[in-house]
Amino acid sequence: MPLQHPAAVVIDRTAFQDRPGMIYVIGSGPAGTAAAVALTRQGLHVTVLDAGLTLEPDRASTVAAMAALHPAQWAADDVTAIKANMSAGPNGVPLKVSFGSDFPYREADRHLPARATNVGVVPSFGRGGFGNVWGAAALPYLPAELESWPTGPGGLGPHYEQVLSFVGLSGADDDLAERFPTYAPQLESLPVSHQAAALLRDLRSNRDALHGQGFVFGRARLAVASRNADGRPCQRCGLCMFGCPYGLIYNPARTLQELVAEHKVTYVPGVVVTRFTERGGAVHIEGRDRRTGEVVRHVASRLYVAAGVLCTTKLYLESIGAYDREIVVRDSQYFLLPMLRYSGVRGVSEEPLHTLSQAFLEVFDPELSANSVHMQIYTYNELYERAISAALRAAHPAFRPISAAFLRRMLLIQGYLHSDVSGEIGLTLRPDGVLDLRGRRGPHTRGVLKKLVAKLRRNRSLLRAVPLGPAMKLGEPGRGFHCGGTLPMRRQPAEFETDPLGRPAGLERVHLVDSSVFPTITASTITLTVMANAYRIGAHQEAHR
């Protein structure tokens, strides 16, 4: 069912003009939705401004038809349609689409013109933001790695709990919980693949020795429900990377739809906000209609900006007229590393399974990095087969096609490093409105990864797997979409910094609530912490004033 304005499909924007006392949120992705939930839980009504691109009606109809059936009943043409437009090469999947559609990334050149060099991150103008295409990995930031944040190491804990009260979390109360609390009222349980079950058995049999080497492991924590609204559980259809027809992977657009249906949120799609000013005890918001270019204006008592790191940063710089000033986007280095297991599992390409991450492996070793290294382990899926084949051919041109015997032993690590040992992106807004984005490799990144591969190789008998180091691929800065920190929170913010409530220096009623305000980007997954911090800011008593 398409998300609509609660009163009418056609929105009269003049109804929103010059009405101080209204609370606005810009953006419908994970951060904007979490802030909206926090605000509405205080009894406040929220207006969400959003570009709001959505899945094409014909594709949406295909997905709806598939959702009503068992996978064995699906039409082959429907499956082909939602698998369309996804490729995989040596560097992984260039851009993950949703049910065969690129709508999450569409119109970026029009609404955020940029000249980018060696940069992997792009914006989203889709309803739900990157919640349409994320991998659902949901591990909190380590409390010990939040020491430099003005929230302190325990400041996000209660807000993780609040977010997980409406997101839901699949995983296990295992060794990961010793370092990464679950925060969830209950954990859902997704079946693991046969390859993952065998890996976890081997890791558990060597648990003490692995702990002694700084490894902590467990089942992947995923923002995936065990059943959908119709009571249907995971069908293990293997389409997770293309989109879940049953809606089990969390998407903030669904939470937003519920808030609209409950008359707690007024949703105004088709708006691209271009600037804001704070004057006279109110925030004056200016934007344009996405389709017509018509100027639209709104007045808010308080504004929460959750447009994503590139759009939020540009909006702020444009609003204060800060041109030709470079701002640094901090990044968590993304890498892919194939692993070959000592023994294999038969029938991996025929097994019913989900194809999200199956296990997490964390490394704590000061010889590698002062901070942790996060690795998500994937077992068989058709995209990873293509990616690994391409990576191995790139490393060894004479490499022959992957055999079934090879596939049953193959795992893929998708890993991340802390921003302190990763690259960065220089961001500059030019007077013509174009963003200059220049990716820069971190001076310590390759050294850390070289030591990581050596550590994995030394511990191969405990892991029962060997890393294929020559096939490792590093993404360009921003490629893993774990980036932010352009306007970091500080206890005493200076220029281009924000206070602990995400307010840029000199502003009282504007809060930036996405990853733009993160002081650091840790190796852990980012979306859950983005939502927790946005919820924290939205729940603060300042929202009442």
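Pro30, Ala31, Ala34, Ala35, Val37, Ala38 and Leu39 of helix α1 meet Thr527, Val530, Met531, Ala534, Tyr535, Gly538 and Ala539 of helix α15, contact meaning heavy atoms within 4.5 Å. The model is predicted: local features need pLDDT of at least 70, side-chain atom pairs count only at pLDDT 80 or more, and totals for chains, interfaces and linings use all residues. Residues are numbered from 1 along each chain as its sequence is written, and side-chain values use heavy atoms, without hydrogens or water.

The α1–α15 contact comprises 12 nonpolar, 2 polar and no charged residues. Here Ala, Val, Leu, Ile, Met, Phe, Trp, Tyr, Cys and Pro count as nonpolar, Asp, Glu, Lys and Arg as charged, and the others, Gly among them, as polar. The axes of α1 (residues 30-40) and α15 (residues 527-539) come within 7 Å and cross at roughly 35 degrees. Axes are lines fitted to C-alpha atoms, for helices over the stretch in contact, with angles from 0 to 180 degrees between N-to-C directions. The crossing of α1 and α15 is right-handed (the near helix is turned clockwise from the far one by less than a right angle). Helices (H or I, at least four residues) and strands (E, at least two) are DSSP runs, numbered from the N terminus.

An open sheet of 5 strands runs in the order β5-β2-β1-β9-β20, with parallel pairing; two strands pair if DSSP finds at least two bridges between them. At its edges, β5 (265-268) and β20 (510-512) each pair on one side only. The twist averages 20 degrees from one strand to the next. Strands β1 (residues 23-26) and β2 (residues 46-49) share 4 bridges. Tyr24 stands opposite Thr47 in β2. Helix α9 (residues 252-261) packs on this sheet and touches β2 and β5. The direction of α9 makes about 120 degrees with that of β5.

A further open sheet has 3 strands, ordered β6-β7-β8 and paired antiparallel. β6 (271-279) and β8 (295-300) stand at the edges with a single partner strand each, so one side of each lacks a neighbour in the sheet. β6 and β7 (residues 282-289) pair over 8 bridges. Glu278 has Val283 in β7 as its bridge partner.

The structure holds 5 cavities of 30 Å³ or more. A cavity is a set of points on a 1 Å grid over the protein atoms alone where a 1.4 Å probe fits but cannot get out; lining residues have an atom within 4 Å of a point. Grid points are joined across faces, edges and corners, and a volume is the space filled by probe spheres set on the points. The largest cavity has a volume of about 130 Å³. Its lining has 17 residues, of which Cys234, Cys240, Cys244, Leu248 and His354 lie nearest the centre.

How values were computed. On a 1 Å grid over the protein atoms alone, a cavity is a set of points where a 1.4 Å probe fits but cannot get out, and a pocket is an open set with protein on both sides within 12 Å along at least five of seven lines; lining residues have an atom within 4 Å of a point.
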